[in-house]
Each structure stands twice: as C-alpha cells, then as structure tokens.
Amino acid sequence: MIKAVIFDLDGVIVDTARYHFLAWKRLADELGIKFTEEDNERLKGVSRIRSMEILMELGGITLSQYEKEKLANKKNTWFVDYVERMIPEEIYSGVRVLIEKLKERGIHIALASSSKNARTVLHLLHIQNLFEVVTDGTMITHSKPDPEIFLLAAEKLGIDPKDCLVFEDAEAGIEGALAAGMLCVGIGSQEQLFKAHKVIRHTGDFTMEMLDEFNAVALKLNTER
Ligand code: G6P
Ligand code: MG
C-alpha cells in the first residue's frame, strides 16, 4: 500500500523550474554558451554545482573550482531574485487539493528537493505546512539521481521506501526514486520521463483512482518480493 507521497518541489509543486532555467540561460548567454530548454532537462533535479559542470560540458569550457563556484553563486543570486518576486498563485493549480485528499486517505506527505533554496520557496509561498517532513539540498551528500534524499525523507517519515510514491519532473529525480525502491509518477512529457511508472502532464491531474492503481501495483510488487 502507498503510505507516503514524496513530492519534488521545483516543477512539481511550484513553477520554479522555469526560474532555474531562466537563471542558467542568463549565465550561459554571458559565457557565450548555447543553451536550450532541451539542454536544461539535464540540469533538472541535480545539484547547483553539478548543473554548473553540465553547463561547462555543453560549452566545452573548463574552469577552476573557484571560478565554477563563483559563477554558480551568480546564477543563484538571479534565481533568488526571481523567487522573491513570486506570488502564491504560482503554486500549481490542484496541488493543495491533491495534498488534502491524500491526507484524508491517511497518507503521509513529504518534500524531497535537491535545492538549497527549498525552504525559502516554501516560506515565501506560505506552504511549509503542507508537508510533514521537508528534506532539501542542505541535508544530503549526494544529489539526485542518487536515492539519498528519498531514503532520508522515508526514514524521517518512518515509512518503508517500497510504500512510498514519488512525484518528479526530472529524469534524475525519477532515477533516484527508482533507485530508492519507490514507485514514481513523472510530471511532464511521456517521451522525456518514460522511466517513471506513470506520467501525467500536471501534478493536479493526479486522481484518487490513480492512487488505487498504484496501490494495486505496490501490492503486486510486494507479494512478488
Ligand atoms: C532542484 C532543481 C535544479 C536545481 C537544484 C539545486 O533539483 O530541479 O534545477 O539546480 O534543485 O538548486 P539550488 O537552489 O540549490 O541551486
Ligand atoms: Mg523538479
């Protein structure tokens, strides 16, 4: 049975994935690196410094550790600027209702974001209270696609990973959830997120019928184990 749902933040709860993209794009433009939305898919879910390294790979440039950190910090300043101007309406529609319905079913709710800004975003949008447990980029050594953050969230909830369902918009996040032995819903395009157990366009599209289907899958998998 699904006993907990673990949500990613950027691109799943709120439209901050767009701000990460805009900030990386601004840095790429400054560095003269061609950077498209498709390239950006590789940056989703991974840590800030890993994102910087992927950008360097895309541009075929090498930088010292100092330079790398300086530029990643610059991107972060821009990202925080965008985030500070966000309004509560930028929370995806249907997310609050979905979380309420899940809670009514006795399901525990956690957040697992690679972002070190996750708490700031939750705070600015007044949505900290939606989550029983919050895990973020400040609490882990290995970012997604490593399963560490998902395993930490499950541990803090006191729920077995096999009873957890993850919502993710990033390929790296889906890989992390699967590596943690969890079930996973991809938010976005089937083509990009085909590794997930199910893909839906928007978080708010998830229904309780879908939850029942996941319960059946979980039951089947757990009896096979
Ligand atoms: C999330 C986002 C990534 C971002 C990462 C680190 O996983 O999907 O795009 O790079 O967090 O975020 P931070 O706010 O710590 O730079
Ligand atoms: Mg995300």
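The questions below ask what lies behind each label.

Reply: This is a predicted model, in which local features need pLDDT of at least 70 and side-chain atom pairs count only at pLDDT 80 or more, while totals for chains, interfaces and linings use all residues. Residues are numbered from 1 along each chain as its sequence is written, chains are lettered from A and ligands numbered from 1 in the order in which they are written, and side-chain values use heavy atoms, with hydrogens and water left out.

Me: What makes the protein as compact as a globular protein of its length?

Reply: The protein has nine helices and six strands, where helices (H or I, at least four residues) and strands (E, at least two) are DSSP runs numbered from the N terminus. Its radius of gyration is 17 Å, close to the 17 Å that the globule rule gives for 225 residues, so the protein is as compact as a globular protein of that length. The radius is taken over C-alpha atoms, and the rule is 2.2 Å times the number of residues to the power 0.38. Along the principal axes, the C-alpha trace spans about 50 × 35 × 30 Å.

Me: Why is H3 called roughly perpendicular to H4?

Reply: Helix H3 (residues 48-59) and helix H4 (residues 65-84) pack at an angle of about 110°, with axes 10 Å apart. That makes H3 roughly perpendicular to H4, since the label covers 65 to 115 degrees (under 35 is roughly parallel, over 145 roughly antiparallel, the rest oblique). Axes are lines fitted to C-alpha atoms, for helices over the stretch in contact, and angles run from 0 to 180 degrees between N-to-C directions.

Me: Which residues of H3 and H4 meet?

Reply: From H3 come Arg48, Ile49, Met52, Glu53 and Met56, and from H4 come Lys68, Glu69, Leu71, Ala72, Asn73 and Asn76. Contact means heavy atoms within 4.5 Å.

Me: How do you know which residues are donors of the magnesium ion (ligand 2)?

Reply: Donors are N, O and S atoms within 2.8 Å of the metal (3.2 Å for Na, K and Ca); water is not among the atoms, so sites may look incomplete. The protein donors of this ion are Asp8 (OD), Asp10 (O) and Asp169 (OD), lying 2.0 to 2.2 Å from it. Along the chain the donors follow the spacing D-x1-D-x158-D.

Me: Is aspartate 8 buried or exposed, and what of aspartate 10?

Reply: Buried means under 20% relative accessible area, exposed over 50%, and partly exposed in between (1.4 Å probe, protein chains only). Aspartate 8 has 5% relative accessibility, so it counts as buried. Aspartate 10, at 12%, also counts as buried. Of the 225 residues of the protein, 50% count as buried.

Me: Why is leucine 58 called partly exposed?

Reply: Leucine 58 has a relative accessible area of 29%, so it is partly exposed. This residue lies in helix H3 and is in contact with Ile33, Phe35, Asp39 and Arg42, leaving aside neighbours within four places in sequence.

Me: Why does valine 121 count as buried?

Reply: Valine 121 counts as buried because its relative accessibility is 1%. Located in helix H6, valine 121 touches Leu9, Val14, Thr16 and Val83, not counting residues up to four places away in sequence.

Me: Why is histidine 126 called exposed?

Reply: Histidine 126 has a relative accessible area of 60%, so it is exposed. It is found in the loop between helix H6 (118-124) and S3.
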